[in-house]
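Please keep the structure open while reading.

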Amino acid sequence: MTEAATGVPYASTAAVVSTARLIESLSTRATAAVADLLPPGTTDVALLDFPYHRNSGDSAIWLGVRRILRQLGVRVAYVADTARYRPDRLREALPEGPVLLLGGGNFGDLWPGHQELRVRVLRDFPDRTVIQLPQSISFRSRTALSEAQRVTAAHPHFTLMVRERRSLSFATENFDVPIVFAPDSALANGPLRPPRPVRPDGVLCLARDDVEGTGAIAGVAGPGIRRADWGMRGLPAARWRAAKALPKLERHALGRHPDAHRAARPALHAAYETMAKTSVGTATSLLCTARYVVTDRLHAHILCLLLGIPHSVFDNSYGKVSGTFEAWTSDSDLVHWATSADEALERCREFAP
């Protein structure tokens with residue numbers, strides 16, 4: 001891949017080509033892991049926990065799962081986010097068949113809304129195959145862990161997929177359910193092309209400022225280094241808000257009228273897809289403005305790999321970034337593991353004037 005309008009490569013051709021092969025291999029593995037868990041003859045599924053927020057990483061996971069299911073010839077009959085999940089609507093749209101829960105980094109009590117949905121689904125559908133797609137696990141409360149243990153152990157058809165070895169060890173020690181080790185579903189998107197021609201310049205430091213941040217990346221600053229985080233402005237933000245309006249209407253109006261909800265279901269699915277594609281498109285556009293990226297966000301790292309952008313990556317607060325790097329992506333020559341801001345700055349020097 002070359003920088004549009006300059007002809008200067010983001011990275012060596014060899015690094016880009018070898019990383020693309022790695023990504024294709026991981027995409028194949030992610031698809032095979034899901035295929036192995038679906039009951040024979042599965043043609044339709046429910047897919048829950050749509051990322052109804054602006055975290056582009058979760059949207060990349062969503063699009064990766066949708067690509068996996070298309071490759072497997074499986075139709076998504078019902079989708080919902082945490083606020084719009086209705087078990088009666090799910091049963092109507094999918095009278096029988098598996099229920100899939102989106103993967104990510106929310107198995108635990110850091111992000112309680114997602115865990116609450118997971119518990120509800122397991123209690124609502126004890127007769128269904130329920131597959132938790134690849135997750136990272138983090139519990140701060142023993143009470144929350146105990147509840148998760150009880151609910152998952154009581155479900156006869158639940159499988160927990162995890163995406164890094166720390167979570168694999170934790171799940172093996174703490175959960176009495178089938179556990180599958182698989183790559184993050186965003187890797188199933190495969191190698192990506194930049195969304196539009198850009199002229200990359202300098203270094204982008206994309207740093208999180210939430211409960212998963214560690215502050216280690218804070219010292220990555222200086223001339224030629226821009227700081228940012230996921231977000232949308234202008235036309236993409238307007239497009240995202242417009243798509244978001246239909247699920248909002250579904251919750252407040254369509255949900256009270258079964259016939260109207262049934263008729264609107266294809267449009268609801270399309271609205272979710274538009275939201276996810278807009279979010280990921282905004283993220284890839286941002287990453288492609290830089291010749292080099294420094295980040296502590298897992299999916300900024302993954303999207304850089306998919307786009308062929310060299311970058312340095314820091315860990316998050318509970319090790320999901322390092323775990324994914326060690327398990328799946330460390331063989332790429334596009335990525336440098338950073339243990340300090342000074343180390344990352346040294347890597348940035350040839351890209352930041």
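## Valine 203 and its partners

In this predicted model, valine 203 has isoleucine 225 as its bridge partner in S9. In S10, the bridge partner of valine 203 is tyrosine 292.

S8 and S9 run parallel and are joined by four bridges. Strand S8 covers residues 203-206, and four bridges also join it to S10. S8 and S10 run parallel too.

Strands of a sheet pair through backbone hydrogen bonds, and the pairing can be parallel or antiparallel.

Strand S10 spans residues 292-295.

S10 is joined to strand S11 (residues 311-313) by three bridges, and the two run parallel. Valine 293 has histidine 311 as its bridge partner in S11.

Is strand S6 mostly covered or mostly open? It is mostly covered: five of its five residues, 158-162, are buried. Both faces are covered. Phe158, Leu160 and Val162 lie on one side, with Thr159 and Met161 on the other. The chain reaches S6 from S5 through helix H5 (residues 142-154), in a right-handed β-α-β crossover.

S5 and S6 pair in the parallel sense, over four bridges. Within that pairing, isoleucine 131 stands opposite threonine 159 in S6. S6 also pairs with S7, again in the parallel sense, over three bridges. There, valine 162 has phenylalanine 181 in S7 as its bridge partner. S6, H6 and S7 make a right-handed β-α-β unit.

## Cavities

How many cavities of 30 Å³ or more does a search of the whole structure find? It finds two. Rolling a probe the size of a water molecule over the atoms shows where empty space is left.

The second largest cavity has a volume of about 40 Å³. Its lining consists of Asp49, Pro51, His53, Asp58, Leu102, Gly103, Asn106 and His114. By class, that lining has two nonpolar, four polar and two charged residues.

## Aspartate 49

Aspartate 49 is one of the residues lining the second largest cavity. This residue sits in the loop between strand S1 (44-48) and helix H2 (56-71). Why is aspartate 49 classed as buried? Its relative accessible area is 4%, and the class covers values under 20%.

The backbone of aspartate 49 deserves a look as well. Its phi is near 75°, a positive value in a residue other than glycine. Most residues other than glycine have a negative phi.

Where does phenylalanine 125 lie? It is in the loop between helix H4 (112-124) and strand S5 (130-138). Phenylalanine 125 counts as buried because its relative accessible area is 1%. Arginine 91 is 34 residues away in sequence, and the C-alpha to C-alpha distance from phenylalanine 125 is 9.4 Å.

Aspartate 176 lies in the loop between helix H6 (165-174) and strand S7 (179-181). Is aspartate 176 buried or exposed? It is exposed, because its relative accessible area is 69% and the cut-off for that class is over 50%. Along the chain, aspartate 176 and serine 340 are 164 residues apart. Their C-alpha atoms are separated by 38 Å.

Definitions and conventions
Residues are numbered from 1 along each chain as its sequence is written. This is a predicted model: local features need pLDDT of at least 70, side-chain atom pairs count only at pLDDT 80 or more; totals for chains, interfaces and linings use all residues. Side-chain values use heavy atoms; hydrogens and water are left out. Buried means under 20% relative accessible area, exposed over 50%, partly exposed in between (1.4 Å probe, protein chains only). Two strands pair if DSSP finds at least two bridges between them. On a 1 Å grid over the protein atoms alone, a cavity is a set of points where a 1.4 Å probe fits but cannot get out, and a pocket is an open set with protein on both sides within 12 Å along at least five of seven lines; lining residues have an atom within 4 Å of a point. Grid points are joined across faces, edges and corners, and a volume is the space filled by probe spheres set on the points. Ala, Val, Leu, Ile, Met, Phe, Trp, Tyr, Cys and Pro count as nonpolar, Asp, Glu, Lys and Arg as charged, and the others, Gly among them, as polar. A crossover is right-handed if, with the strands pointing away from the viewer, the path from the first strand over the helix to the second runs clockwise.
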